[in-house]
Amino acid sequence: MGLRRAIVLFALMEVTWSLSVTTIGPKTVSTDASAHPEPAEENTEQKEAAEEDVMATGELNPNHYPAQRAAKVVQHYLNLRHGSPYKLFGLKEVHSGNAEEVADSGRKYQLEISVHEIISNTKEKCSAEVFFPSGAKQLSPQVQVSSCEEILKLDAKSEEEALYQQYKTNKTVRTEKRLPDSYGHIDPEMTPFWHLSIVASSFIMLKESTENTLYNMAQVANITQLATENDQLKFDCHVLLHDMVSQEIPQWKLLFTWSPAEGVKVLHTEQLPHVHESEKQAKPN
Amino acid sequence: MMKKLVVFAALLVAVLSKEDFHGHQVFRIVPKDDVQLALVRVMEDILDLELDFWRWVTPVDVRVPSHSLQVVKSYMERHSIKYFTMIKDLQALLDEERRQMKSAAPAGNTDSFDYTNYHTLSQIYSFQDMLVAENPKLVSKTVIGHSVEGRPLNVLKFSTGGSNRPAIWIDTGIHAREWVTQASGIVFAKKIVTEYGTDSVLTEILNRMDIFLEMVVNPDGYHFTHTNNRMWRKNRKQNQDSSCVGVDLNRNWNAGFGGRGSSNNPCTETYHGTRAHSEPEVKSIVKFVRSHGNIKAFISIHSYSQMLLYPYGYTRKPAKDQAELDQVAQKAVTALASLYGTNYRYGSIIKTIYQSSGGSIDWTYNKGIKYSYTFELRDTGHFGFILPANQIVPTANETWLALKVIMDHTLKNPY
């Protein structure tokens, strides 16, 4: 349905909801006899909530969340495309942003941002466009980046080759601890694999991003190297993501390959069921 | 677990035999078939290598003395036998484990306390008692209530006298997984007692106002992040009619309670609870603030995102003091950035981060506490909740500069 109709419908729902809050409110008080129900404050605010669903359009405040969320999507795109065990991108700043409706198909953001390559600590200004498609089926956002060439050309080839050779022939990786551990510590030998997991996670984070999410990778539960017949390195990892907006910690298993020449290619993903702490608890970390 | 068993065994050996394991490494060898396994076992017969096999079946674990490392590595490389280094320096690991066991014993005083590390709940509570004992004229502790699981909710009061002076409230650790906040709370406490008498701004503030600091608003949750789940956020309320545990303590306040920006599903991270102030951790602060009656600034500290936020979260209606709050916020983040260049954004909650209802500072602001602020500390997502311990002190120090700006403004603008 058209966006306008959706808003009107939503506004109606909001009003209905707020009415039901004022009438039902006192009855939802718990049976705790010592409790004094707190007076419901400012229920007229609920009607205003309808307007909050109208997405910001036009010139955006670069420090407010709409531009920031769109810019984060660019970070995931850059990491997926250009990230490696020795190259990782972070969003440094949003300088300006603009959003517009694209006739019944979605919303497009134009952004001027600063991106930084974390390991070499270099910064560059980039222009980017992020398109969030609308519709019932959740499609991934589409990203285009321009004027960002320097930072993408940064060379980590020798470190990447050395790592690749080591783990192609002799060594194999299998984590004993989470990356990082609870105290933020990562064994230096495992750091490149933490970076690789961030890159692989970017595949999911990009795919799942909407205007109502803000993803970061929270922790790697484990990563294991698997054998391959070809010249790629292959890994199976279990990652914990964090969505700032819902505050949830979605967990995913990822199967991916990497080589200096091909970069990261994600072969298979699986979202793990939401284990919410009832009494059976996964092993302690 | 396996590693702990393995290390314990090594420790036992070390203690009994008084051997030195400097430079010894432990390899985990992954032979791909019996042929490779046989090749590995051949090495045991070469006595000069002095290999010590900890595990004989695949994967094979072996302690390799430093003088044999090169030979063993070349041998495995030559036969394309896969392995990885499980322990890089056994002696270093043993020393570290010994150190950790020693540091699990509490520090004797707040000068020997390790501010550069994350601590358990009991270590934090011990710290509080030590601080009070060392500074009885300046610091006192009050228990304002008890958590769901019965833990005391401790508030430190920093005061140079007077009676019910106008006060500043600071809280950390309302969300369990935001470890840099509780850790920063410890640093703030130490800074107050250290800087009183030496820092002119802090001294002026304490000469006329009191400071209240609740370091662990959510002790049950914090304990749970140590024992079970590092990513736990809520308290540990057993929700009725649900197998899901916990209420989001920063959605439980009576300001837009139950509105958009919180959830009525107990299985979600932003579940607001059965009614406003249903949670003892929140109720006790509400009671404290009400009965004190003279709190002039209320600052809740969270992580991560690097932001300084003011009301509102539950509505787009601007706070009536928005212009002033914004101005003070700008000054505060400038002071914060002056130390290490850490960049903070600032603004109202609802515009800067997201809509959230039932939050603490919206309630305190509506109760007339004008200088109500929320911090989101380091970082912006690279480490997120699991900020490396070596960033605790820099984070706390830069944040302290921002806090002093807010406290100073509160002092100089009585209302």
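User: In this predicted model, over how many bridges do strand S8 (residues 251-259) of chain A and S9(A) pair, and in which sense?

Analyst: A strand pair is read from its bridges and its direction. In this predicted model, S8(A) and S9(A) pair over eight bridges, in the antiparallel sense.

User: In what order do the four strands of chain A form the open sheet?

Analyst: The order within a sheet is read from strand to paired strand. Here the order is S6-S7-S8-S9 (chain A), with antiparallel pairing, and the sheet is open. Strand S6 (215-226) and strand S9 (263-271) of chain A stand at the edges; each has a single partner strand, so one side of each is left without a neighbour in the sheet. From one strand to the next, the twist averages 30°.

User: Which strands of the sheet does helix H5 (residues 157-169) of chain A touch, and which does helix H6 (residues 191-208) of chain A touch?

Analyst: Packing on a sheet is described by the strands touched and by an angle between directions. Helix H5 of chain A packs on the sheet and touches S6, strand S7 (233-243) and S8 of chain A, its direction making about 100° with that of S8(A). Helix H6 of chain A also packs on the sheet. Its contacts are with S6, S7, S8 and S9 of chain A, and its direction makes about 125° with that of S6(A).

User: Is A:Thr257 buried or exposed, and which residues is it in contact with beyond its neighbours within four places in sequence?

Analyst: Burial is judged from relative accessible area, the cut-off for buried being under 20%. A:Thr257, found in strand S8 of chain A, has a relative accessible area of 8% and is therefore buried. Leaving aside neighbours within four places in sequence, the residues in contact with A:Thr257 include A:Gln232, A:Leu233 and A:Lys234, as well as A:Gly263, A:Val264, A:Lys265 and A:Leu267.

User: What area do domain 1 of chain A and domain 2 of chain A bury between them?

Analyst: Chain A is divided into domain 1 (2-26 + 56-152) and domain 2 (157-282). To their contact, domain 1 of chain A gives 22 residues and domain 2 of chain A gives 24 residues. The two domains bury about 2,200 Å² between them, with 65% of it on carbon and sulfur atoms. The count between these domains is one salt bridge.

User: Which residues form salt bridges with A:Arg107?

Analyst: A:Glu211 forms one with A:Arg107, with the closest N and O atoms 2.7 Å apart. A:Glu101 forms another with A:Arg107, at 3.1 Å between the closest N and O atoms. A:Arg107 has 4% relative accessibility and so counts as buried, whereas A:Glu101 is partly exposed at 37%.

User: Which strands hold A:Asp236 and A:Lys253?

Analyst: A salt bridge can also be placed by the elements that hold its residues. A:Asp236 forms a salt bridge with A:Lys253, the closest N and O atoms being 3.7 Å apart. A:Asp236 lies in strand S7 of chain A and A:Lys253 in strand S8 of chain A, so the pair ties together parts 17 residues apart in sequence. A:Asp236 counts as partly exposed at 23% relative accessibility, as does A:Lys253 at 27%.

Note on methods: Residues numbered from 1 in each chain as written. Chains lettered and ligands numbered in written order. Predicted model: local features only at pLDDT ≥ 70, side-chain atom pairs only at ≥ 80, totals over all residues. Heavy atoms only, no water. Pairing = 2+ DSSP bridges. Helix = DSSP H or I, 4+ residues; strand = E, 2+ residues; numbered from the N terminus. Axes fitted to C-alpha atoms, helices over the stretch in contact; angles between N-to-C directions. Contact = heavy atoms within 4.5 Å. Buried < 20%, exposed > 50% of the residue type's maximum accessible area, 1.4 Å probe, protein only. Domains from an automatic or database assignment. Buried area = accessible area lost by both parts, 1.4 Å probe. Salt bridge = Lys/Arg side-chain N within 4 Å of Asp/Glu carboxyl O.
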